[in-house]
Amino acid sequence: MQDRHTLTPRERDVWSRLDRVDDPELDEPLTDLGFIEAVSVGDAGDVLVCFRLPTYWCSPNFAFLMAEGIRDEVGALPWVSRVAVQLEDHMCADEMNAAVNAGRSFSEAMALRPELGDLGEVREKFARKAFQRRQEAVLLALRTLGLKPADVAAMTLSQLERTRLHDPEAARQLPRYLEILRARGLATAECDPAFPDPDGRGLTAAGYAERMGELRAVRINMEFGGALCRGLKETRYKEVVRIDGEPTLVDFLHDRVPARQTAG
Amino acid sequence: MYKTPDGREIFVVDGHTHFWDGSPENQRNVHGKQFIDCFYAYHTNLSPPEERWEKSKFEKYSEDDIYNDLFVEGPDDMAIVQTTVLGDFYKKGFGNVERTIKMASRHPERFIVNGAFDPRDGEKALEYIHYLKETHNIQGVKLYTAEWNGDSKGYKLNDPAAYKCLELCDKLGIRNVHVHKGPTIIPLNKDAFDVHDVDYAATDFQNLNFIVEHCGLPRLDDFCWIAVQETNVYAGLAVVLPFIHARPRYFGEVMAELLFWLGPDKILFGSDYAIWTPKWLVEKFWTFQIPEDIAAERGVQLTDEIREKILGLNAARLYGIDVEAAKARLAAAPVSIAAE
């Protein structure tokens with residue numbers, strides 16, 4: 001991860017904005033996933049952001065959404081005059097970069113490839129999943145605090161806002177859940193129920209088990225992608241090199257050598 | 001044969017293996033390079049460190065390697081070799097059925113070679129299916145619905161052209177259709193790995209078995225729903241199983257879902273060799289327990305009886321393998337390091 005202490009104030013601004021861009025499929029920030037390769041800031045307030053995905057084949061839909069997110073978030077900084085986004089080592093890199101550099105919107109670039117489907121539809125589909133995944137993390141944490149299904153079903157937005165969670169993953173997800181809950185208009189007033197489903201239907205004690213089953217299914221699917229993507233990003237551009245079956249220095253550096261071999 | 005810690009002998013059918021050539025000499029273009037690179041990343045990412053291969057061996061391994069890794073070092077009794085052609089990426093195909101048949105002919109008692117076809121080839125696909133049956137007597141095929149073919153970036157099993165091919169398979173007795181529905185390696189098509197087309201095909205072709213490789217992940221819930229409705233839809237564990245090492249709790253959750261929805265008779269072991277080797281997968285699987293809280297939630301758990309079904313008996317049923325007869329035959333032809 002980027003050491004932010006060595007950055008200029010403007011570079012730090014850009015990285016902070018990039019923390020707000022999520023991979024839509026995984027609902028994790030690009031900066032956590034290690035997808036951002038480089039940020040450069042010119043004297044005229046022009047910014048170049050290079051990013052790279054775990055494989056050459058990663059879905060172009062998601063790549064477009066991420067590029068759009070980068071452009072919009074960084075472009076929102078008051079001192080930024082121009083943002084260029086550069087996707088590297090991807091099967092659609094040339095097309096996408098050309099669209100960016102020509103100032104065309106991603107939707108226009110998409111229009112040339114109808115088989116990719118409608119970007120808005122994809123965005124909505126994955127926003128729902130993100131909402132569900134964040135909700136499950138919060139519900140599971142509340143359950144371990146000893147709350148019963150009837151308790152969480154009755155919980156309001158303001159009660160949830162005052163709740164403190166200790167599990168690190170739940171503590172990370174709670175503000176993210178509250179943010180998406182409000183952004184989607186699913187709970188706005190203090191007394192609104194805190195755990196509607198993505199269509200706004202409330203949670204009941206009787207429906208608790210079924211809801212958790214649905215949420216678990218969403219998470220299992222997302223985690224599969226998440227685990228693969230993180231691992232693939234880590235191993236892309238690295239190869240295992242063995243000479244006469246013995247691990248080399250590179251293997252030690254990358255922690256690829258099993259303990260029993262290093263012990264002797 | 002896998003020998004359990006308490007001495008029982010378990011018959012293992014590896015439902016998903018490959019004999020590929022991803023070497024630079026066979027790559028047609030950058031896509032071919034990127035494809036094998038991506039497989040290699042799966043391999044290094046999910047294998048335990050001591051099981052990782054160097055790149056050149058991974059790109060192209062020998063006839064001796066596959067025999068050794070599956071049957072000598074590995075616990076497999078029999079292996080089903082799938083053919084993934086990717087003709088747009090590789091000059092002679094990533095998998096080439098003739099090359100695989102030649103390899104398998106050294107040990108016909110151990111290998112079952114599946115063919116492949118592309119419905120978008122129209123009449124030629126039908127002729128090719130005839131050829132595969134008449135020349136090689138294949139029992140199954142591997143279909144890759146997201147394969148590129150000219151301008152097309154994928155197809156669906158319920159496309160009319162695909163139905164013609166499936167009708168012919170039905171007629172000729174090619175009963176096992178392995179469908180790659182998994183991680184989006186080539187996802188240019190809007191969603192060529194969407195699983196719903198399996199639902200239509202499985203309903204309309206009751207004599208065929210549809211083995212959904214990689215369980216449709218990351219669409220496990222859609223897949224489970226379909227597999228519950230359709231008696232002839234099965235789950236192939238390739239790619240899912242290696243999570244047993246990297247993310248055991250996660251693997252437990254997936255197994256709990258599969259056992260809850262599909263039951264123990266519709267899940268098939270597959271190593272996805274050479275992405276992974278079967279030895280460590282089977283060893284870990286035999287001792288794996290679904291974590292207590294997850295098991296309690298779904299009311300399911302792996303038992304020795306269930307593991308034995310998943311590791312071999314289920315695939316044996318689909319492929320008409322008489323397990324006792326196969327055991328006797330294999331005992332008479334014990335594994336040995338292949339002669340030079």
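Visitor: Is B:Asn137 buried or exposed?
Guide: The idea is to count neighbours: a residue is buried if 20 or more other C-beta atoms, placed from the backbone, lie within 10 Å of its own, exposed if 12 or fewer, and partly exposed in between. B:Asn137 has 11 C-beta neighbours inside 10 Å and therefore counts as exposed. Please note that this is a predicted model, in which local features need pLDDT of at least 70 and side-chain atom pairs count only at pLDDT 80 or more, while totals for chains, interfaces and linings use all residues. Residues are numbered from 1 along each chain as its sequence is written, and chains are lettered from A and ligands numbered from 1 in the order in which they are written.

Visitor: Where does B:Asn137 lie?
Guide: Places are named by helices (H or I, at least four residues) and strands (E, at least two), which are DSSP runs numbered from the N terminus. B:Asn137 lies in the loop between α5 (123-136) and β6 (140-143) of chain B. Its phi is positive, about 45 degrees, although B:Asn137 is not a glycine.

Visitor: What is the phi of B:Cys215?
Guide: B:Cys215, a residue other than glycine, has a positive phi near 55 degrees. B:Cys215 belongs to the loop between β8 and α8 of chain B. There it counts as buried, because 27 other C-beta atoms lie within 10 Å.

Visitor: How many residues does the largest nonpolar core have?
Guide: A nonpolar core is a set of buried Ala, Val, Leu, Ile, Met, Phe, Trp, Tyr and Cys residues joined through C-beta atoms within 7 Å. The largest one here has 159 residues, and those with the most contacts inside it are A:Ala63, B:Val198, B:Phe210 and B:Val212.

Visitor: Which residues does B:Val198 touch?
Guide: Two residues are in contact if their C-beta atoms, placed from the backbone, lie within 7 Å. Leaving out residues up to four places away in sequence, B:Val198 touches B:Leu157, B:Val179, B:Phe210, B:Val212, B:Ile226 and B:Val233. B:Val198 is one of the buried residues of helix α7 (residues 196-204) of chain B, together with B:Asp197, B:Asp199, B:Ala201 and B:Ala202. The cover over these buried residues of α7(B) includes α6 (160-172), β7 (176-180), β8 (209-213), α8 (220-229) and β9 (233-236) of chain B.

Visitor: How many helices and strands does chain A have?
Guide: Chain A has twelve helices and seven strands. Of its 264 residues, 36% count as buried. Among the contacts in chain A with a separation of 6 or more, 64% come from residues 24 or more positions apart.

Visitor: At what angle do α6(A) and α9(A) pack?
Guide: Two packed helices are described by the angle between their axes and the distance between the axes. Axes are lines fitted to C-alpha atoms, for helices over the stretch in contact, and angles run from 0 to 180 degrees between N-to-C directions. Helix α6 (residues 119-144) and helix α9 (residues 168-183) of chain A pack at about 130 degrees, with axes 8 Å apart.

Visitor: How do α3(A) and α6(A) cross?
Guide: The axes of helix α3 (residues 60-75) of chain A and α6(A) come within 10 Å and cross at roughly 85 degrees. These two helices are therefore roughly perpendicular to each other. In the contact, A:Asn61, A:Phe64 and A:Leu65 of α3(A) meet A:Leu119, A:Val122 and A:Arg123 of α6(A).

How values were computed
Angles under 35 degrees count as roughly parallel, over 145 as roughly antiparallel, 65 to 115 as roughly perpendicular and the rest as oblique.
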